[in-house]
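Work through the exercises below with the model open beside you. Try each task before reading its solution.

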Amino acid sequence: MAKALDGVKILDFTHVQSGPTCTQLLAWFGADVMKVERPGVGDITRGQLQDVPNVDSLYFTMLNHNKRSITIDARNPKGKEVLEAMVKTCDVMVENFAPGALDRMGFTWEHIQSLNPRMILASIKGFGPGPYEDCKVYENVAQCAGGAASTTGFDDGPPLVTGAQIGDSGTGLHLALGIVTALFQRNTTGRGQRVTVAMQDGVLNLCRVKLRDQQRLAHGPLTEYPQYPHGEFGDAVPRAGNASGGGQPGWILKCKGWETDPNAYIYFITQAPVWGAICDVIGKPEWKTDPDYATPKARLPRLKEIFDTIERWTMTQTKFEAMDILNKYDVPCGPILSMKELADEHSLRSTGTVVEVDHPTRGRYLSVGNPIKLSDSISEVKRSPLLGEHTDEILRQVLKFDETKMAEIKASGAVGGVTRAAVE
(Lines give C-alpha, C1' and ligand atoms only; values in the text may rest on other atoms or scores of the structure.)
Protein backbone atom coordinates (compact mmCIF):
# COMPACT_ATOMS: atom_id res chain seq x y z
CA MET A 1 0.00 0.00 0.00
CA ALA A 2 1.25 3.48 -0.86
CA LYS A 3 2.22 5.80 1.97
CA ALA A 4 0.91 9.32 2.49
CA LEU A 5 4.31 10.97 1.93
CA ASP A 6 5.68 8.69 -0.79
CA GLY A 7 7.99 10.65 -3.09
CA VAL A 8 8.84 13.35 -0.54
CA LYS A 9 12.60 13.58 -0.01
CA ILE A 10 13.85 14.89 3.33
CA LEU A 11 17.39 16.16 3.94
CA ASP A 12 17.71 15.41 7.65
CA PHE A 13 20.27 17.60 9.42
CA THR A 14 18.85 16.81 12.87
CA HIS A 15 20.37 15.28 15.97
CA VAL A 16 19.52 14.28 19.55
CA GLN A 17 15.71 14.25 20.04
CA SER A 18 13.58 17.19 18.89
CA GLY A 19 14.54 17.10 15.20
CA PRO A 20 14.77 13.30 14.88
CA THR A 21 11.28 13.00 16.40
CA CYS A 22 9.97 15.15 13.56
CA THR A 23 11.80 13.37 10.74
CA GLN A 24 11.00 9.91 12.11
CA LEU A 25 7.30 10.76 12.00
CA LEU A 26 7.64 11.89 8.39
CA ALA A 27 9.54 8.68 7.59
CA TRP A 28 6.77 6.58 9.14
CA PHE A 29 4.38 8.25 6.72
CA GLY A 30 6.55 7.25 3.77
CA ALA A 31 8.95 10.16 3.23
CA ASP A 32 12.49 9.23 2.16
CA VAL A 33 14.45 10.66 5.09
CA MET A 34 18.20 10.87 4.46
CA LYS A 35 20.04 11.55 7.70
CA VAL A 36 23.30 13.45 7.25
CA GLU A 37 25.95 12.54 9.83
CA ARG A 38 29.62 13.31 10.42
CA PRO A 39 31.94 10.54 9.21
CA GLY A 40 33.16 8.36 12.05
CA VAL A 41 31.04 10.19 14.63
CA GLY A 42 27.39 10.43 13.67
CA ASP A 43 24.53 11.64 15.80
CA ILE A 44 25.83 12.05 19.36
CA THR A 45 23.02 9.90 20.71
CA ARG A 46 24.47 6.81 19.01
CA GLY A 47 26.90 6.64 21.92
CA GLN A 48 24.79 8.13 24.72
CA LEU A 49 23.23 5.99 27.46
CA GLN A 50 24.56 2.80 25.88
CA ASP A 51 23.30 -0.35 27.57
CA VAL A 52 25.14 -2.69 25.17
CA PRO A 53 28.82 -1.93 24.42
CA ASN A 54 29.81 -0.85 20.90
CA VAL A 55 26.30 -0.76 19.43
CA ASP A 56 23.93 2.12 18.78
CA SER A 57 22.06 3.14 21.93
CA LEU A 58 18.33 2.82 22.35
CA TYR A 59 18.31 6.61 22.55
CA PHE A 60 19.38 6.68 18.90
CA THR A 61 17.53 3.65 17.55
CA MET A 62 14.15 4.74 18.95
CA LEU A 63 14.37 8.15 17.26
CA ASN A 64 15.69 7.20 13.83
CA HIS A 65 13.52 4.43 12.41
CA ASN A 66 12.83 4.21 8.68
CA LYS A 67 15.70 6.56 7.75
CA ARG A 68 18.79 6.23 5.57
CA SER A 69 22.20 7.43 6.80
CA ILE A 70 24.78 9.21 4.67
CA THR A 71 28.07 10.47 6.12
CA ILE A 72 29.33 13.81 4.82
CA ASP A 73 32.09 16.12 6.00
CA ALA A 74 30.53 19.54 5.40
CA ARG A 75 33.92 21.25 5.80
CA ASN A 76 35.33 19.33 2.85
CA PRO A 77 34.72 21.12 -0.49
CA LYS A 78 33.56 17.87 -2.07
CA GLY A 79 31.34 17.28 0.94
CA LYS A 80 29.73 20.68 0.47
CA GLU A 81 29.25 19.82 -3.19
CA VAL A 82 27.35 16.67 -2.19
CA LEU A 83 25.20 18.65 0.25
CA GLU A 84 24.36 21.22 -2.41
CA ALA A 85 23.33 18.42 -4.75
CA MET A 86 21.06 17.07 -2.02
CA VAL A 87 19.51 20.50 -1.51
CA LYS A 88 18.74 20.66 -5.23
CA THR A 89 17.19 17.18 -5.12
CA CYS A 90 15.23 17.18 -1.86
CA ASP A 91 11.91 18.77 -0.92
CA VAL A 92 12.57 19.56 2.72
CA MET A 93 15.63 20.31 4.84
CA VAL A 94 15.16 19.84 8.59
CA GLU A 95 17.69 21.09 11.14
CA ASN A 96 17.95 21.71 14.88
CA PHE A 97 21.49 23.10 15.07
CA ALA A 98 22.44 25.82 17.51
CA PRO A 99 21.47 29.32 16.33
CA GLY A 100 23.58 30.45 13.37
CA ALA A 101 25.25 27.08 12.74
CA LEU A 102 23.61 26.49 9.36
CA ASP A 103 24.63 29.96 8.16
CA ARG A 104 28.22 29.32 9.23
CA MET A 105 28.20 26.15 7.14
CA GLY A 106 27.38 28.32 4.13
CA PHE A 107 23.73 27.27 3.90
CA THR A 108 21.92 30.54 4.43
CA TRP A 109 18.26 30.71 3.49
CA GLU A 110 19.19 32.83 0.49
CA HIS A 111 21.71 30.26 -0.73
CA ILE A 112 19.28 27.41 -0.22
CA GLN A 113 16.64 29.28 -2.23
CA SER A 114 19.11 29.92 -5.02
CA LEU A 115 19.81 26.20 -5.23
CA ASN A 116 16.18 25.10 -4.94
CA PRO A 117 13.32 27.65 -4.83
CA ARG A 118 10.91 24.83 -3.88
CA MET A 119 12.91 23.81 -0.81
CA ILE A 120 11.17 23.95 2.56
CA LEU A 121 13.65 24.76 5.36
CA ALA A 122 12.31 23.56 8.71
CA SER A 123 14.09 24.54 11.91
CA ILE A 124 13.77 23.99 15.64
CA LYS A 125 15.30 26.55 17.96
CA GLY A 126 15.11 27.02 21.71
CA PHE A 127 13.55 30.48 21.67
CA GLY A 128 11.96 32.70 19.07
CA PRO A 129 13.07 36.29 18.38
CA GLY A 130 13.78 38.09 21.63
CA PRO A 131 16.37 38.36 24.40
CA TYR A 132 17.11 34.62 24.53
CA GLU A 133 17.04 33.68 20.83
CA ASP A 134 20.77 32.87 20.73
CA CYS A 135 20.62 30.54 23.75
CA LYS A 136 20.92 26.77 23.55
CA VAL A 137 17.94 24.88 24.94
CA TYR A 138 17.43 21.29 26.05
CA GLU A 139 14.32 19.42 27.17
CA ASN A 140 14.06 20.56 30.79
CA VAL A 141 15.07 24.14 29.95
CA ALA A 142 12.17 24.28 27.48
CA GLN A 143 9.77 22.92 30.08
CA CYS A 144 10.86 25.60 32.51
CA ALA A 145 10.85 28.47 30.00
CA GLY A 146 7.52 27.41 28.48
CA GLY A 147 5.52 27.48 31.71
CA ALA A 148 5.21 23.75 32.38
CA ALA A 149 7.52 23.49 35.41
CA SER A 150 6.04 26.46 37.29
CA THR A 151 2.61 24.84 37.16
CA THR A 152 3.70 21.25 37.89
CA GLY A 153 4.09 19.74 41.35
CA PHE A 154 2.50 20.49 44.70
CA ASP A 155 2.02 23.96 46.09
CA ASP A 156 4.33 23.39 49.06
CA GLY A 157 7.18 22.06 46.89
CA PRO A 158 9.51 23.23 44.12
CA PRO A 159 8.61 23.40 40.42
CA LEU A 160 8.88 20.02 38.69
CA VAL A 161 9.57 18.87 35.15
CA THR A 162 7.43 16.11 33.69
CA GLY A 163 8.64 12.75 32.41
CA ALA A 164 6.90 13.39 29.08
CA GLN A 165 9.33 14.96 26.63
CA ILE A 166 7.09 17.90 25.79
CA GLY A 167 10.06 20.15 25.01
CA ASP A 168 11.90 17.87 22.58
CA SER A 169 9.39 15.40 21.17
CA GLY A 170 6.51 17.87 21.59
CA THR A 171 8.33 20.47 19.48
CA GLY A 172 9.23 17.85 16.89
CA LEU A 173 5.56 16.98 16.49
CA HIS A 174 4.71 20.66 16.02
CA LEU A 175 7.41 20.96 13.36
CA ALA A 176 6.12 17.92 11.46
CA LEU A 177 2.72 19.58 11.19
CA GLY A 178 4.37 22.76 9.90
CA ILE A 179 6.27 20.80 7.26
CA VAL A 180 3.28 18.94 5.83
CA THR A 181 1.33 22.23 5.83
CA ALA A 182 4.12 23.93 3.87
CA LEU A 183 4.22 21.00 1.44
CA PHE A 184 0.48 21.38 0.90
CA GLN A 185 0.76 25.13 0.29
CA ARG A 186 3.61 24.54 -2.17
CA ASN A 187 1.12 22.69 -4.37
CA THR A 188 -0.56 26.05 -4.90
CA THR A 189 2.32 28.52 -4.82
CA GLY A 190 5.13 26.42 -6.28
CA ARG A 191 7.46 27.99 -3.71
CA GLY A 192 9.26 26.69 -0.68
CA GLN A 193 9.27 28.56 2.62
CA ARG A 194 10.80 28.60 6.08
CA VAL A 195 9.10 26.71 8.89
CA THR A 196 10.29 27.43 12.42
CA VAL A 197 9.20 26.21 15.83
CA ALA A 198 10.72 27.44 19.07
CA MET A 199 10.78 24.93 21.90
CA GLN A 200 9.51 27.57 24.33
CA ASP A 201 6.55 28.22 22.02
CA GLY A 202 5.78 24.52 21.65
CA VAL A 203 5.73 23.95 25.40
CA LEU A 204 3.56 27.02 25.98
CA ASN A 205 1.12 25.76 23.36
CA LEU A 206 0.80 22.53 25.36
CA CYS A 207 0.30 24.59 28.54
CA ARG A 208 -2.50 26.71 27.13
CA VAL A 209 -4.96 25.80 29.93
CA LYS A 210 -2.56 27.38 32.41
CA LEU A 211 -2.49 30.57 30.35
CA ARG A 212 -6.27 30.39 30.47
CA ASP A 213 -6.13 30.14 34.27
CA GLN A 214 -3.69 33.05 34.50
CA GLN A 215 -6.38 35.29 33.02
CA ARG A 216 -9.15 33.80 35.16
CA LEU A 217 -7.06 34.48 38.25
CA ALA A 218 -7.56 38.22 37.78
CA HIS A 219 -11.26 37.72 38.55
CA GLY A 220 -10.94 35.69 41.73
CA PRO A 221 -9.59 32.39 43.11
CA LEU A 222 -9.46 29.30 40.92
CA THR A 223 -12.12 27.25 42.66
CA GLU A 224 -11.16 23.91 41.09
CA TYR A 225 -7.60 24.13 42.44
CA PRO A 226 -6.78 22.37 45.74
CA GLN A 227 -5.77 25.72 47.29
CA TYR A 228 -9.45 26.70 47.34
CA PRO A 229 -10.99 27.76 49.73
CA HIS A 230 -8.36 27.73 52.49
CA GLY A 231 -5.14 28.49 50.61
CA GLU A 232 -3.91 31.76 49.21
CA PHE A 233 -3.61 32.62 45.53
CA GLY A 234 -0.82 34.92 44.42
CA ASP A 235 -0.56 36.79 41.14
CA ALA A 236 0.49 33.73 39.08
CA VAL A 237 -1.10 30.34 38.43
CA PRO A 238 -0.03 28.03 41.28
CA ARG A 239 1.04 24.41 41.16
CA ALA A 240 -2.08 22.27 41.32
CA GLY A 241 -0.80 18.85 42.40
CA ASN A 242 -2.97 16.21 40.75
CA ALA A 243 -5.97 18.45 40.11
CA SER A 244 -7.51 17.85 36.70
CA GLY A 245 -7.08 21.38 35.36
CA GLY A 246 -10.67 21.49 34.14
CA GLY A 247 -14.19 21.89 35.46
CA GLN A 248 -14.40 18.28 36.65
CA PRO A 249 -12.38 17.74 39.87
CA GLY A 250 -9.97 14.82 39.80
CA TRP A 251 -7.21 13.32 41.95
CA ILE A 252 -4.84 10.35 42.12
CA LEU A 253 -5.97 7.85 44.76
CA LYS A 254 -4.38 4.80 46.36
CA CYS A 255 -5.54 1.33 45.41
CA LYS A 256 -5.01 -2.07 46.99
CA GLY A 257 -1.30 -2.87 47.14
CA TRP A 258 -0.07 0.73 47.24
CA GLU A 259 2.18 -0.08 50.21
CA THR A 260 4.53 -2.14 48.02
CA ASP A 261 3.61 -1.11 44.47
CA PRO A 262 4.53 2.51 43.64
CA ASN A 263 2.00 2.49 40.78
CA ALA A 264 -1.00 1.00 42.57
CA TYR A 265 -3.03 4.17 42.04
CA ILE A 266 -5.96 5.34 39.96
CA TYR A 267 -6.95 8.74 38.62
CA PHE A 268 -10.53 9.42 39.66
CA ILE A 269 -12.75 12.23 38.30
CA THR A 270 -15.91 13.25 40.14
CA GLN A 271 -17.85 14.14 37.01
CA ALA A 272 -21.15 15.80 37.85
CA PRO A 273 -23.45 13.65 35.63
CA VAL A 274 -22.35 10.43 37.38
CA TRP A 275 -22.16 11.83 40.92
CA GLY A 276 -25.10 9.70 42.02
CA ALA A 277 -23.42 6.52 40.81
CA ILE A 278 -20.19 7.50 42.58
CA CYS A 279 -22.09 7.95 45.84
CA ASP A 280 -23.68 4.49 45.51
CA VAL A 281 -20.38 2.77 44.63
CA ILE A 282 -18.45 4.23 47.59
CA GLY A 283 -21.28 3.61 50.05
CA LYS A 284 -22.39 7.22 50.51
CA PRO A 285 -25.92 7.30 49.00
CA GLU A 286 -26.93 10.07 51.41
CA TRP A 287 -24.56 12.48 49.65
CA LYS A 288 -26.89 12.50 46.63
CA THR A 289 -29.42 14.63 48.52
CA ASP A 290 -27.26 16.28 51.18
CA PRO A 291 -27.07 20.00 50.27
CA ASP A 292 -23.38 20.04 51.23
CA TYR A 293 -22.60 17.44 48.53
CA ALA A 294 -25.47 17.36 46.04
CA THR A 295 -24.18 20.06 43.66
CA PRO A 296 -20.76 20.69 42.10
CA LYS A 297 -20.58 24.15 43.69
CA ALA A 298 -21.34 22.77 47.14
CA ARG A 299 -18.68 20.08 46.74
CA LEU A 300 -15.82 22.43 45.81
CA PRO A 301 -14.88 23.45 49.40
CA ARG A 302 -15.06 19.78 50.47
CA LEU A 303 -13.04 18.11 47.74
CA LYS A 304 -10.29 16.89 50.06
CA GLU A 305 -12.79 15.17 52.32
CA ILE A 306 -14.62 13.74 49.32
CA PHE A 307 -11.48 12.29 47.76
CA ASP A 308 -10.33 10.93 51.14
CA THR A 309 -13.64 9.09 51.37
CA ILE A 310 -13.43 7.80 47.81
CA GLU A 311 -9.88 6.64 48.50
CA ARG A 312 -11.04 4.49 51.41
CA TRP A 313 -13.09 2.61 48.81
CA THR A 314 -10.38 2.47 46.09
CA MET A 315 -7.95 1.02 48.63
CA THR A 316 -10.20 -2.06 48.82
CA GLN A 317 -9.76 -2.69 45.08
CA THR A 318 -6.82 -3.13 42.75
CA LYS A 319 -6.58 -0.38 40.15
CA PHE A 320 -7.92 -2.75 37.50
CA GLU A 321 -10.79 -3.98 39.70
CA ALA A 322 -11.73 -0.38 40.42
CA MET A 323 -11.61 0.37 36.69
CA ASP A 324 -13.96 -2.54 35.91
CA ILE A 325 -16.49 -1.38 38.50
CA LEU A 326 -16.36 2.32 37.69
CA ASN A 327 -16.55 1.85 33.93
CA LYS A 328 -19.95 0.20 34.34
CA TYR A 329 -21.21 3.56 35.58
CA ASP A 330 -19.24 5.70 33.07
CA VAL A 331 -17.14 7.19 35.86
CA PRO A 332 -14.03 8.75 34.21
CA CYS A 333 -10.96 7.08 35.66
CA GLY A 334 -7.65 5.58 34.63
CA PRO A 335 -4.99 3.35 36.18
CA ILE A 336 -1.48 4.65 36.75
CA LEU A 337 0.40 2.40 34.33
CA SER A 338 4.12 1.84 34.68
CA MET A 339 6.49 1.60 31.74
CA LYS A 340 6.71 -2.14 32.38
CA GLU A 341 2.93 -2.50 32.20
CA LEU A 342 2.79 -0.47 28.99
CA ALA A 343 5.61 -2.51 27.47
CA ASP A 344 3.68 -5.71 28.19
CA GLU A 345 0.23 -4.42 27.14
CA HIS A 346 -1.08 -6.67 24.36
CA SER A 347 -3.51 -4.11 22.92
CA LEU A 348 -0.68 -1.60 22.33
CA ARG A 349 1.30 -4.28 20.49
CA SER A 350 -1.69 -5.18 18.31
CA THR A 351 -2.25 -1.56 17.21
CA GLY A 352 1.43 -0.92 16.47
CA THR A 353 1.75 1.68 19.22
CA VAL A 354 4.45 -0.51 20.79
CA VAL A 355 6.60 -2.58 18.42
CA GLU A 356 9.50 -5.02 18.46
CA VAL A 357 12.27 -4.20 16.01
CA ASP A 358 15.18 -6.31 14.74
CA HIS A 359 18.60 -4.64 14.57
CA PRO A 360 21.74 -6.20 13.01
CA THR A 361 24.04 -5.45 15.95
CA ARG A 362 21.67 -4.88 18.88
CA GLY A 363 19.21 -7.68 18.21
CA ARG A 364 15.52 -7.26 19.08
CA TYR A 365 14.40 -4.23 21.03
CA LEU A 366 11.14 -2.57 21.99
CA SER A 367 10.14 0.84 20.67
CA VAL A 368 7.18 3.13 20.19
CA GLY A 369 5.45 3.00 16.84
CA ASN A 370 3.49 5.66 15.01
CA PRO A 371 0.82 7.07 17.35
CA ILE A 372 -1.09 8.54 14.38
CA LYS A 373 -3.10 5.96 12.47
CA LEU A 374 -4.12 6.49 8.82
CA SER A 375 -6.39 3.91 7.23
CA ASP A 376 -4.76 4.30 3.79
CA SER A 377 -1.16 4.78 4.93
CA ILE A 378 -0.24 1.98 7.29
CA SER A 379 3.02 2.66 9.12
CA GLU A 380 5.74 0.04 9.20
CA VAL A 381 8.53 0.56 11.72
CA LYS A 382 11.91 -0.28 10.19
CA ARG A 383 15.17 -0.31 12.12
CA SER A 384 17.43 2.70 12.40
CA PRO A 385 20.40 2.90 10.00
CA LEU A 386 23.99 2.11 10.87
CA LEU A 387 26.33 5.07 10.53
CA GLY A 388 26.85 5.83 6.83
CA GLU A 389 25.08 2.66 5.79
CA HIS A 390 23.37 4.22 2.78
CA THR A 391 26.08 6.60 1.58
CA ASP A 392 26.76 4.76 -1.69
CA GLU A 393 23.07 4.15 -2.24
CA ILE A 394 22.14 7.83 -1.90
CA LEU A 395 25.03 9.05 -4.04
CA ARG A 396 24.12 6.62 -6.80
CA GLN A 397 20.32 6.37 -6.68
CA VAL A 398 19.22 9.78 -5.36
CA LEU A 399 21.92 12.12 -6.63
CA LYS A 400 22.53 10.08 -9.82
CA PHE A 401 26.33 10.29 -9.53
CA ASP A 402 28.21 7.98 -11.86
CA GLU A 403 31.02 5.72 -10.70
CA THR A 404 33.71 8.23 -11.68
CA LYS A 405 32.05 10.99 -9.66
CA MET A 406 31.56 8.68 -6.70
CA ALA A 407 35.22 7.62 -6.78
CA GLU A 408 36.26 11.28 -6.86
CA ILE A 409 34.14 12.11 -3.83
CA LYS A 410 35.34 9.10 -1.86
CA ALA A 411 38.98 9.84 -2.67
CA SER A 412 38.54 13.34 -1.22
CA GLY A 413 37.54 11.92 2.17
CA ALA A 414 34.26 13.86 2.01
CA VAL A 415 32.09 10.91 2.95
CA GLY A 416 34.47 8.95 5.22
CA GLY A 417 34.31 5.18 5.57
CA VAL A 418 31.06 3.31 5.11
CA THR A 419 29.66 0.92 7.71
CA ARG A 420 27.84 -1.96 6.09
CA ALA A 421 24.91 -3.77 7.68
CA ALA A 422 25.30 -7.32 8.86
CA VAL A 423 23.40 -9.92 6.90
CA GLU A 424 19.77 -9.79 8.05
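**Exercise 1. Find the handedness with which α16 passes α17, then describe the packing and the contact.**

Step 1. α16 passes α17 in a right-handed crossing. A crossing is right-handed if the near helix is turned clockwise from the far one by less than a right angle, and left-handed if anticlockwise. Helices here are DSSP runs (H or I, at least four residues) and strands are E runs of at least two, numbered from the N terminus.

Step 2. This is a predicted model, in which local features need pLDDT of at least 70 and side-chain atom pairs count only at pLDDT 80 or more, while totals for chains, interfaces and linings use all residues. Residues are numbered from 1 along each chain as its sequence is written, and side-chain values use heavy atoms, with hydrogens and water left out.

Step 3. Helix α16 spans residues 391–398 and helix α17 spans residues 403–411. They pack at an angle of about 140°, with axes 10 Å apart. Axes are lines fitted to C-alpha atoms, for helices over the stretch in contact, and angles run from 0 to 180 degrees between N-to-C directions.

Step 4. α16 and α17 are therefore oblique to each other. Angles under 35 degrees count as roughly parallel, over 145 as roughly antiparallel, 65 to 115 as roughly perpendicular and the rest as oblique.

Step 5. Asp392, Leu395 and Arg396 of α16 make the contact with Glu403, Met406 and Lys410 of α17. Contact means heavy atoms within 4.5 Å. By class, this contact has 2 nonpolar, no polar and 4 charged residues. Ala, Val, Leu, Ile, Met, Phe, Trp, Tyr, Cys and Pro count as nonpolar, Asp, Glu, Lys and Arg as charged, and the others, Gly among them, as polar.

**Exercise 2. Describe how α7 packs against α1 and against α8.**

Step 1. Take helix α1 (residues 18–28) and helix α7 (residues 168–189). Their axes come within 7 Å and cross at roughly 45°. That makes α1 oblique to α7. The crossing of α1 past α7 is right-handed.

Step 2. Look at the residues that meet. α1 brings Ser18, Thr21, Cys22, Leu25 and Leu26. Among their partners in α7 are Asp168, Gly172, Leu173 and Ile179. The contact of α1 with α7 has 8 nonpolar, 4 polar and 1 charged residues by class.

Step 3. Turn to helix α8 (residues 199–206). α7 and α8 pack at about 95°, with axes 9 Å apart. The two are therefore roughly perpendicular.

Step 4. Asp168, Thr171 and His174 in α7 meet Met199, Gly202, Asn205 and Leu206 in α8. By class, that contact has 2 nonpolar, 4 polar and 1 charged residues.

**Exercise 3. Which residues of Glu84's surroundings does Glu84 touch?**

Step 1. Locate Glu84 in helix α3 (residues 77–89).

Step 2. Leave out residues up to four places away in sequence; Glu84 then touches Phe107, His111 and Leu115.

Step 3. Check His111. It is 27 residues from Glu84 along the chain, and their C-alpha atoms are separated by 9.6 Å.

**Exercise 4. Find two backbone features, one at Asn54 and one at Pro229.**

Step 1. Most residues other than glycine have a negative phi, and most peptide bonds are trans.

Step 2. Asn54 has a positive phi, near 65°. Asn54 sits in the loop between β2 (32–37) and α2.

Step 3. Tyr228 and Pro229 are joined by a cis peptide bond, with omega about 0°. Pro229 lies in the loop between α9 (208–216) and β7 (250–254).
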